Amino acid sequence: MYNYFALHYDELTENVDYKVRSAYISGFFNKYGISTILDLACGTGTMSLLLKEQGYNVIGIDLSSEMLSIADNKANGAIPFMKAEMQNFKLSEPVDACVCCLDSLNHLDNLKDVGKTFECVYNSLNENGIFIFDVNTIYKHRNVLANNTFVFDEENYFLSWDNELIDDYSVRILLDFFVYNGNSYDRYSEEFTETAFETEALLDSLSPYFEVLGIYDDLTFDKPKTDSERLYFVCKRK
C-alpha cells in the first residue's frame, strides 16, 4: 500500500490546509497542558512537523515504510518515527495525547480493528490523556466519494483516481499513475479501501477506554450535521 502514492502524496494533498488543522487540534490540546503527542498514522509527517513547530514533543507511527522514509527526511532527525499498525502498537513510554488525522481511521475495515486501535491508544496515554481523531462520514462516502473519478494531469505524470462504492459504507479507491520516462509512460497501480462507521458504533468502541468530550463538524465547534463530510472526536482517557 502507498508504494508509489507516497512519492506524490504531499503534492496530491496540497489542498489540505494542515496549518489550519494543526491550529484547530492545538486549540484543544492547549486546554490540557499537553507536552508529548503521538501522531498515529502520520503519513509523510506534515502534521507531526507542524505540531513540533508549536513546541510539542512528537512521535510518529505509520505502517507505510515509504511514507515514513519521506517523513524522516522532512523531519531531519527532529522527530522519532516508528513503523507499526495502528491497531497493534506499543510505546516504550506513555504520552499526553494522541492525534489521528485525515480519515486514517477509515482505512480500517471493521469495528474489531477500530476497537483494537482505541485500546492501543488508551495504553499509550498518560492518565487523563487526550485523544483526537477525525473520520469521513457515511454521507461523504455515499454522496461525495461515491463512484466518482478524479483526474490529475501533472507535468511528469497523469493520475486517474477512481472511486468505487462497494456498499453504503465502503469505497474502493483505485489509483493509476502514468509516469513519463522520457520516451513513453510507465504505469503504476495501487488500491485501497476506506470504510465509514456509524457514530454510535464508534461511541460504543470508545466507551471502555474514553470519555467523549465532544463530536464536531469539520474544523468547527458545531454539532454534526446530516451532510457533514468529516467529524472530529475529542476524547479523554478514562
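The model I am working from is predicted.

Entry 1. With that criterion I looked up Arg-230 and Asp-218, and I found a salt bridge whose closest N and O atoms are 4.0 Å apart. Arg-230 belongs to strand β11, while Asp-218 sits in the loop between β10 (210-217) and β11, so that I noted a link between distant parts of the chain, 12 residues apart. Asp-218 is partly exposed, at a relative accessible area of 24%, whereas Arg-230 is buried at 8%.

Entry 2. I then followed Arg-230 to Asp-134, where the side chains meet in a salt bridge at 3.0 Å, N to O. Since Arg-230 lies in strand β11 (residues 230-237) and Asp-134 in strand β5 (residues 125-136), the pair ties together parts that are 96 residues apart in sequence. Asp-134 is buried, and I recorded a relative accessible area of 0% for this residue.

Entry 3. Tracing shared partners, I found that salt bridges join Arg-21, Asp-103, Asp-134, Asp-218 and Arg-230 into one network.

Entry 4. I next looked up Glu-191, which forms a salt bridge with Arg-172, the closest N and O atoms being 3.3 Å apart. Glu-191 is in strand β9 (residues 185-195) and Arg-172 in strand β8 (residues 170-180), so this pair ties together parts 19 residues apart in sequence. Glu-191 is partly exposed at 48% relative accessible area, and Arg-172 also counts as partly exposed, at 25%.

Entry 5. For the whole structure I noted 10 salt bridges.

Terms used
Residues are numbered from 1 along each chain as its sequence is written. This is a predicted model: local features need pLDDT of at least 70, side-chain atom pairs count only at pLDDT 80 or more; totals for chains, interfaces and linings use all residues. Side-chain values use heavy atoms; hydrogens and water are left out. Helices (H or I, at least four residues) and strands (E, at least two) are DSSP runs, numbered from the N terminus. Buried means under 20% relative accessible area, exposed over 50%, partly exposed in between (1.4 Å probe, protein chains only).
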